[in-house]
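Reader: Could you walk me through some backbone features, one at a time? I would like the general idea and then the case at hand.

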Amino acid sequence: MAAKRGPTPRPGILDIAPYVPGTSALPGAGKVVKLSSNETPLGPSPKAVEAYLAEAAHLSRYPDGSAAPLREALADRYGLDVARIVCGAGSDELLNLLAAAYLGPGDEAIYSEHGFLVYKIAILAHGATAVVAPETDLTADVDAILARVSDATRMLFLANPNNPTGTYLPFDEVKRLHAGLPDDVILVLDAAYAEYVRANDYEAGIELVATTQNTVMTRTFSKIYGLAALRLGWAYCPAPIADALNRIRGPFNVTGPSIAAGIAALNDQPHMQEAVAHNTAWLGTMAEALTGIGLTVTPSAANFLLVHFPQSKSAQEADKFLHERRIILRRVGEYGFPDALRMTIGTEQENQAALKALTEFMGAGQ
Ligand SMILES: Cc1ncc(COP(=O)(O)O)c(C=O)c1O
């Protein structure tokens, strides 16, 4: 008889490097300036907080299993078919559900070189093979992606704009990408930062989902709506894909307080607009100021900047220097950027504090 062994995960599971979130706390007392997770500096709408708190009176009740009131609010706001919206515990859950429904051993799924790392985890977790397409100028490259499509390709994940680069593909390029894909390959447009984009050649994905059979758009309440702790996201899908996701998702995968807060957040568009205006102003100001002290900044359409350090001043040293001043940016070595840090746009005070520390670090302005 074979020696007794404990349970073994499916092949490949132990080859997955767990997702490492950005640092969120530092040892010692005192306030921390946390610009590491692309959270909104304005916080959620007070109306969302109020709606969330009101749900405390109903915690013994299961939530609406299909998050119907939230789906209806989303359908009204964006003019969508409510039956084709699926809500999830963050867009992370929806990305994983897509992989669970459509990927398995022998299948391939593509993402771009500096793409969001959850894609790789979702692909490998379901036994499929991850295929990485090189980028051009730190931006997804449509031709490079299409060149990697094979008979085994089932899915393509594109964050638009992408995290951690902040770069985006204009709608014409997304359409060209879709046009080059076989009909049985799903194009997943992850539009987690869509609300922040000011470029008029951008489209989050609604139009392609509406007009094609194989495009899915994912969105989140974690970023501009400031509800990251609640884990709330949604996908807009062709009807058969919504049907597949609904068959395998947890029956109550979105909580009652999340549904209530999500609806209230969606209905407080002035708060959302304020967050956009703050971000647009500070994104430009910070990019200019950081460039002015000798750093290289990748042009960003989102609420963060990828900041590249020169050889003489490593990102690792900068990170340490900032931590000593209780400022946290995001290390992005695992995204292929050992010489960069990602900085989320914070409040005016937070941005100034980060700029002051980085100026000191770079030895500029002395
Ligand atoms: C590109 C991208 N997609 C998805 C997510 C996940 O968001 P959620 O909080 O909705 O799971 C993030 C969060 O960092 C992201 O940057």
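Author: Happy to! This is a predicted model, and we can begin with Pro161, which sits in the loop between β5 (153-159) and α6 (171-179).

Reader: Is the peptide bond from Asn160 to Pro161 cis or trans, and what is its omega?

Author: Omega is the angle to read here. For the bond from Asn160 to Pro161 omega is near -5°, and the bond is cis.

Reader: Which residues does the cis bond with omega of about 15° join?

Author: That bond links Asn163 and Pro164. Pro164 also belongs to the loop between β5 and α6, the one where Pro161 is placed.

Reader: Is Leu138 buried, partly exposed or exposed?

Author: The relative accessibility of Leu138 is 22%, so this residue counts as partly exposed. The cut-off for buried is under 20%.

Reader: And what about Arg326: what is its phi, and which loop holds it?

Author: Arg326 is another residue other than glycine with a positive phi, near 60°. Look for Arg326 in the loop between α11 (315-324) and β11 (327-328).

Reader: Why does Arg326 count as buried?

Author: Because its relative accessibility is 18%, and buried means under 20%.

How values were computed:
Residues are numbered from 1 along each chain as its sequence is written. This is a predicted model: local features need pLDDT of at least 70, side-chain atom pairs count only at pLDDT 80 or more; totals for chains, interfaces and linings use all residues. Side-chain values use heavy atoms; hydrogens and water are left out. Helices (H or I, at least four residues) and strands (E, at least two) are DSSP runs, numbered from the N terminus. Buried means under 20% relative accessible area, exposed over 50%, partly exposed in between (1.4 Å probe, protein chains only).
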